[in-house]
Amino acid sequence: MKEFLLPLIICPEHIATQTPLHFHESDVCYSGDDIWTGNLICPQCQAIYSIRDGVADLAPVATPRPAVQGKYELDSTVGAYLWSQFGDLYTEDTAILNELVKPSDAYASWANLFSFGEGPFLDVGCAVGRLVLEAAGRGLLAVGVDLSHAFISAARSLVRTGRIDTLLTVEGQITQPFSFALPKRLRNETVEFIVGDALALPFRSDCFASLASLNILDKVPFPLRHLEELSRVGHQHGCELVVSDPYSWSSDVAAPSDWLGGTLEGPYAGRGIDNVRALLAGRDGHINPPYTTDSCPDIPWTIRNHTHHAEYIVSRPLYATR
């Protein structure tokens, strides 16, 4: 974990009191400018948050990880997301490029929605980090947070090496290498990635000038709390936010009563994008101060599972400012 992150972080168990975390200095080991191993301690509850191999795990200690989270720790899933986020930059092997599953330029499209006028920038649910690197490439201090340790490890490896190095599934247990150097504009040191929970972000309030939530709102058990957390950590004035989601509500992730759309009755009956727009604009007082929102064209993207199978997803973005 980079030291520049320390002034921004708090104990995720004590968001209301904004309790900062502290090191036991004797536990800290550095690798260059990286805090490679160590333990962050909450002085209020004595919770311990570990840093191992440079990866800080700042998810709430008392909150169990969802069972569905296990699939995001698999090597095959990491490879699929590396292809999804960076495949449009790949030009080195025409055999891979000519396969039936094609990469999309969705992350370049999402990046183009931002003005990136000020920093810092936060991507919640960053996966393997493409949007964070895009923000850093525009001169911002940029941070990514995801609950998957495997995703965060892969993203930090990209920063250290400047390369994609993974395996793509061809069929069953057959794999093929997927390796290439990142373009120079995406190789920056003003980035950091940590393990954290989208429902209890380990950051001070009023901390970020730009925020992103891409395809995560329908993947958390309490979507409204996620919007509230985005609002809390964003600047109260002069903040830009992109929320983009396919609104694939599932009772395996959240109870229908907690969905922000996709139901026929209840406070959030109707379509998710309409309810999210209203919530960001101040409906029911959950988001304060409210945002001014603009709709954007839908952005299609793909997750490659193997040579002949991909998930095709259409994400519906809202751009919001306050």
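The model is predicted, so local features need pLDDT of at least 70 and side-chain atom pairs count only at pLDDT 80 or more, while totals for chains, interfaces and linings use all residues. Residues are numbered from 1 along each chain as its sequence is written, and side-chain values use heavy atoms, with hydrogens and water left out.

**Stop 1: K2 and E189**

The structure holds 15 salt bridges; the term means a side-chain nitrogen of Lys or Arg within 4 Å of a carboxyl oxygen of Asp or Glu. Select K2 and E189, whose side chains form one at 3.6 Å, N to O. K2 lies in the segment before β1 (22-23) and E189 in the loop between β9 (174-181) and β10 (191-195), so the pair ties together parts that are 187 residues apart in sequence. Helices (H or I, at least four residues) and strands (E, at least two) are DSSP runs, numbered from the N terminus. K2 has a relative accessible area of 7% and is buried. Buried means under 20% relative accessible area, exposed over 50%, and partly exposed in between (1.4 Å probe, protein chains only).

**Stop 2: D34 and R156**

Next, select D34 and R156; their side chains meet in a salt bridge of 2.7 Å, N to O. D34 is in strand β3 (residues 34-41) and R156 is in helix α5 (residues 149-161), so this pair links distant parts of the chain, 122 residues apart. D34 is buried, at 5% relative accessible area, and R156 is buried, also at 5%.

**Stop 3: R304 and E99**

Move to R304 and E99, where the side chains meet in a salt bridge of 2.6 Å, N to O. R304 belongs to strand β14 (residues 299-306), and E99 sits in the loop between α2 (94-97) and α3 (106-111), 205 residues apart. R304 is buried, with a relative accessible area of 2%; E99 counts as buried at 8%.

**Stop 4: a network**

Select D88, R130, E134, R138 and R185 together. These residues, D88, R130, E134, R138 and R185, are linked in a network of salt bridges.

**Stop 5: T169**

Finish at T169, in strand β8 (residues 163-171). T169 is buried, at 15% relative accessibility. Show its contacts (heavy atoms within 4.5 Å). Leaving out residues up to four places away in sequence, T169 touches S76, I174, T175, R304, N305, H306 and T307.
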